[in-house]
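This report describes one structure, beginning with a single residue and moving out to whole chains. Please keep the sequence and the 3D view at hand while reading.

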Amino acid sequence: MTAVLQRFVIAYSRSLVAYGIVAVLWIVASLLITGFGVYPHLRYIVELAAVIGLVGVGQTIAVIGGGIDLSVSAVITVTALVLPMVSFESDSSGLGAIALSLLVAAAIGAVNGLGIGYLGLPPLIMTLAMATILQGLLVLIAGGSAISVSNATLESLGSTHVLTISASILLWLVVAAICLFWLHGTRSGALIFAIGTNPMVSKLSGVPIRRLTLATYIISGLCAGLAGLLLLSMNGQGYVGIGDPYLLSSIAAVVLGGTSILGGRGSYLGTIAGAVLLVTMTALITVINASEGWRSLILGCLILGMLPLSGRDQSR
Amino acid sequence: MGGKGARLYWRVQWRRNDGLGALFLVLVLFAILYAILFPGIFAIGAASKFVQGWFPTAMVAAAQTIVMLTGGIDLSVGPMVSLGSVVAASTMEGPLGIFGGVLAMLALGGGVGAIVGAFVAIGRYPAIIVTLALSFVLRGVALLIMPRPGGFVPRSLSDFLAGVHPTAAVLLVLLVIVWKLYQATPLGVGLIAVGDNAEGAYRSGVNVTTARMCAYIASGILQGFTGLYMAAKTGSGDPLIGEPMTLAAISAAVLGGVGFLGGQGTMRGALAGSLLMSIMISVMFFLHLPLVAQYIMQGLIIVVTVALPLIRASMRRGT
């Protein structure tokens, strides 16, 4: 038993550091700031973290596989705008519109995956170009106006509580569990780590790199789409630029969670803590009532300060 | 340089154009289209204006290229340019004057570059996350110095840098010359060697830490100067003026064949990439296309120029 525990601690030490920081921050802040440590506030923090966490699912898988997805923010915006547009009368529950917009998100991810896996484009370039194209298309289609949404399922997602846990948090938990099981409990999940560690050796060993890369980016698109829906349920309306903050925060959550940006190492377990950590830091900065300049400055310094804790690039 | 050495030099230089063919072709096509749409470009004034429009993108593309050649990436280019513009616009009316202001700018750029370098080269942290965090810091500092656009840049400096004279063109030529000279020094050779194979470079006696450090400092100075230039061009400082430049710098470098893994790519490619983006925007303006359509074009051109050689290569292999 201790051996298993020991192995777990060694394998996930970087992820555990992030959990430790979150715990320390929460305890200290609860003692110093009245109203921080109460359950509804902490739950609110986790609700906000769910959006970053959902984007982080795809981002984590992409990064572990040696890639990166820079189009997540654009996909979030696309879903948040497509859903109100495709809502139709006969679809009273709103599930049809949700399925359609998730399909669009997955399709964008599939195009990324085809370009990266089958054409051999570098992930940074393919997803960056995709983000640029989508940005242009979105402004052309939606313009500068916000689009309000009325979708029964989304509204219940934003307001339902099961045993005082919000539906959005439950959604995150379910997706997180599936992701963790896939990455650490299945053969294809293990192969993602193999591709990230050494693509050439993986290819020569017969790993179906192309198919797995395609799957990776479809998952990433789908998860960004889910995050977009969640964001929409919180905001009530979609507009161009709604997803913009989530590109950098998803990458930051992945790295703060101890996943190596070079690929092959890490776990979604850490990204969960990274997402909560980011939101907690933002909340703390908001509490001390800082101006926008100070907020940005402090957040940046905090991420820089965490670098020594989240591990470094050993290769020369 | 002897006859044989010179021949070898040019042959190596020529081979480095490999893979840039598609880019140069697209560039020429767009340039012809531009010249047809706007024949006035051949006047010296119009040409200067055009170069001035291109100059900031070219500078940040160069800054990004230097870093990417070492195997790093700089996600704080935009906020650094903003900070440069803000600092330039708030120091020049003080006791420092124009000369002091320019010096302060260059020192600021070099200083920020040194900070990134310390984290990446000495601390060995991934550049992507260091510069990502730093972009928040720089944006915050710029907003604290100047919450909204304002400040003042002396008229004479604006006239000198962004007036009717082809100063920007001269500066670009200077940039290329300095780059060529730098490439002739051991540090310059080390820059690309480090990006290509850090372990090998280290074993061959390249001071890896210094080479990386110098790259980030040089990149920071270029970015700071771009900020100064933007301030001179608009006549004031703006804490958000650089925001689109992070992506533009990466796009231009990538268009120009600079690889993300380091050691791969050329400065001429990156400059050509930035020129293509600049011409593209002008052409779309003359064709009365909505300005946002440039994003779609930019994305498509990036994919096509990068994918074409890959497709050709795989067809040649017959797979």
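## A residue of chain A facing chain B

A:Thr132 touches B:Leu247, B:Tyr295, B:Ile296, B:Gln298 and B:Gly299, leaving out residues up to four places away in sequence. Contact here means heavy atoms within 4.5 Å. A:Thr132 sits in helix α6 of chain A, residues 123-142. Helices (H or I, at least four residues) and strands (E, at least two) are DSSP runs, numbered from the N terminus. A:Thr132 has 1% relative accessibility and counts as buried. Buried means under 20% relative accessible area, exposed means over 50%, and partly exposed lies in between, with a 1.4 Å probe and protein chains only.

## How the model is presented

This is a predicted model, in which local features need pLDDT of at least 70 and side-chain atom pairs count only at pLDDT 80 or more, while totals for chains, interfaces and linings use all residues. Residues are numbered from 1 along each chain as its sequence is written, chains are lettered from A and ligands numbered from 1 in the order in which they are written, and side-chain values use heavy atoms, with hydrogens and water left out.

## Chain A as a whole

Chain A contains 14 helices and four strands. Its radius of gyration is 19 Å, close to the 20 Å that the globule rule gives for 316 residues, so chain A is as compact as a globular protein of that length. The radius is taken over C-alpha atoms, and the rule is 2.2 Å times the number of residues to the power 0.38. Along its principal axes, the C-alpha trace of chain A spans about 55 × 55 × 40 Å.

Of the 316 residues in chain A, 54% are buried. Among contacts between residues at least 6 apart in sequence, 76% join residues at least 24 apart. The accessible surface of chain A is about 13,500 Å², and 69% of that surface belongs to carbon and sulfur atoms. Such areas come from the Shrake-Rupley method with a 1.4 Å probe; for residues, only the protein chains shown count as cover.

A:Val63 is in helix α3 of chain A, residues 39-64, and is buried with a relative accessible area of 2%. Setting aside neighbours within four places in sequence, the contacts of A:Val63 include A:Ile68, A:Val254, A:Thr259 and A:Gly264. The C-alpha atoms of A:Val63 and A:Ala142 are 31 Å apart, and the two residues are 79 residues apart along the chain.

A:Thr271 belongs to helix α13 of chain A, residues 268-287. Is A:Thr271 buried or exposed? At 0% relative accessibility, A:Thr271 counts as buried. Beyond residues up to four places away in sequence, A:Thr271 touches A:Gly56, A:Thr60, A:Ala253, A:Val254, A:Gly257 and A:Thr259.

## Chain B as a whole

Chain B has 14 helices and zero strands. A compact globule of 319 residues would have a radius of gyration near 20 Å, and the 20 Å of chain B agrees with this. The C-alpha trace of chain B spans about 60 × 50 × 40 Å along its principal axes.

In chain B, 53% of the 319 residues count as buried. Residues 24 or more positions apart account for 79% of the chain B contacts with a separation of 6 or more. The accessible surface of chain B comes to about 13,800 Å², with 72% belonging to carbon and sulfur atoms.

## Local features of chain B

Helix α3 of chain B, residues 44-69, bends by about 35 degrees at B:Trp54, and the proline B:Pro56 follows within four residues. The bend at a residue is the angle between axes fitted to the seven residues ending there and the seven starting there. In α3(B), 20 of the 26 residues are buried. Just after α3(B), B:Gly71 has a positive phi of about 95 degrees.

B:Pro79 lies in helix α4 of chain B, residues 77-91, and is buried at 2% relative accessibility. Not counting residues up to four places away in sequence, B:Pro79 touches B:Ser135, B:Leu138, B:Arg139, B:Glu243 and B:Thr246.

B:Arg124 is in the loop between α5 (97-122) and α6 (127-145) of chain B. The phi of B:Arg124 is near 60 degrees, a positive value in a residue other than glycine. Most residues other than glycine have a negative phi. B:Arg124 is buried, with a relative accessible area of 17%.
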